[in-house]
Amino acid sequence: MPWALLARGAGDVQTGAYVMATMSLHTSLQGHLAEAVDMAQGAYEQGKHLAAPRVLAFAKLAEARAHGRAGDGRAGDGRAVGRALSTAENLLSSIRPGTRDVQQLSYLTHARISADAVEIYRDLGDLKSALRFSHQADAMPIGVYTRAVGIRQTVFSSAHIQAGVLDQGLAYGERAVDILSRVRSTRAHHVRQLTQNLRPWRRAPRVQRFVRTSAAGLTTT
């Protein structure tokens, strides 16, 4: 963790905490989950009482994502996820006018945490919690976060489909296809995964239309 150590050595604890939390997210995506949890917890402990609340909330969100992923034959830790998300939300709620804040993390809002929580709980198999958070997650501006909004819609869609709420799942999926068809992104594979989730309903006319539309809409991504 050279950058975190350099930041701490320079006396910039907040930057060090942010860097460690970011590294936790990348480490989690690579499948090194124990290390990702340690990094996120280290970021929080390093910045505690010193970093801005939004930075600490970012560290807790990174921890939640690491706890929520399965690895080494083990299931994700739902209780640890809940504790980390709750702490992140409380930290955001503590921000008041005049509170020290960071512009780079202005996107980290309660709605963004709820959106991430949908994906985390979907992957945990806790579809009840995933659907609950999906109702709390406001859409981010499409013109600013086109890929992010599209990908979140695929997450909402898959959570509803796996829960058997087909109509709502298809509505989210159709919105995802519309958004992601505007960008060139390899992340469009999220939409293709939805078609696999829809196999139990593959004979339904609306499902067949969705499969055809998604295939046509994403051919250039």
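Phenylalanine 156 and tyrosine 172 are both buried (under 20% relative accessible area, with exposed set at over 50% and partly exposed in between; 1.4 Å probe, protein chains only). The model is predicted, and local features are reported only at pLDDT of at least 70 and side-chain atom pairs only at pLDDT 80 or more, while totals for chains, interfaces and linings use all residues. Residues are numbered from 1 along each chain as its sequence is written, and side-chain values use heavy atoms, with hydrogens and water left out.

The two rings form an edge-to-face aromatic pair, with 5.4 Å centre to centre and 65 degrees between the planes. Phenylalanine 156 belongs to helix α8 and tyrosine 172 to helix α9 (residues 166–180), so the pair ties together parts that are 16 residues apart in sequence. The whole structure contains 3 aromatic pairs (rings of Phe, Tyr and Trp, the last by its six-membered ring, with centres within 6.5 Å; planes under 30 degrees apart are stacked, over 60 edge-to-face and the rest tilted). A ring also takes part in a contact of another kind: the charged end of lysine 60 sits over the ring of tyrosine 44, 4.5 Å from its centre (criterion: NZ of Lys or CZ of Arg within 6 Å of the ring centre and within 35 degrees of the ring normal).

The chain has 11 helices and 0 strands (DSSP runs numbered from the N terminus; H or I of at least four residues for helices, E of at least two for strands). Buried residues make up 46% of its 221 residues. The accessible surface is about 11,600 Å², and carbon and sulfur atoms hold 51% of that area (Shrake-Rupley method, 1.4 Å probe; for residues, only the protein chains shown count as cover). Of the contacts with a separation of 6 or more, 66% are between residues 24 or more positions apart (contact: heavy atoms within 4.5 Å).

The largest nonpolar core comprises 38 residues, of which Val55, Leu85, Val118 and Tyr121 touch the most other members (a core being a set of buried Ala, Val, Leu, Ile, Met, Phe, Trp, Tyr and Cys residues joined through side-chain atoms within 4.5 Å). Two or more residues each are given to this core by α2 (13–29), α3 (33–47), α4 (53–68), α5 (78–93), α6 (110–124), α7 (127–134) and α8 (146–162). Helix α4 supplies the largest share, 7 residues. Leucine 85 touches Leu61, Ala64, Ile113, Ala117, Ile120 and Tyr121, with residues up to four places away in sequence not counted. A second, separate core has 12 residues, among them Leu180, Val183, Leu194 and Leu198.

The search for salt bridges returned 10 in the whole structure (side-chain nitrogen of Lys or Arg within 4 Å of a carboxyl oxygen of Asp or Glu). Arginine 112 and aspartate 116 meet in one of these, at 3.1 Å, N to O; both lie in helix α6, 4 residues apart, about one turn of the helix. Aspartate 116 counts as buried because its relative accessibility is 3%. Aspartate 116 also forms a salt bridge with arginine 152 (2.6 Å, N to O). This pair links distant parts of the chain, with aspartate 116 in helix α6 and arginine 152 in helix α8, 36 residues apart. Arginine 152 in turn meets glutamate 119 at 3.0 Å, N to O. Through shared partners, salt bridges join Arg65, Arg112, Asp116, Glu119 and Arg152 into one network.
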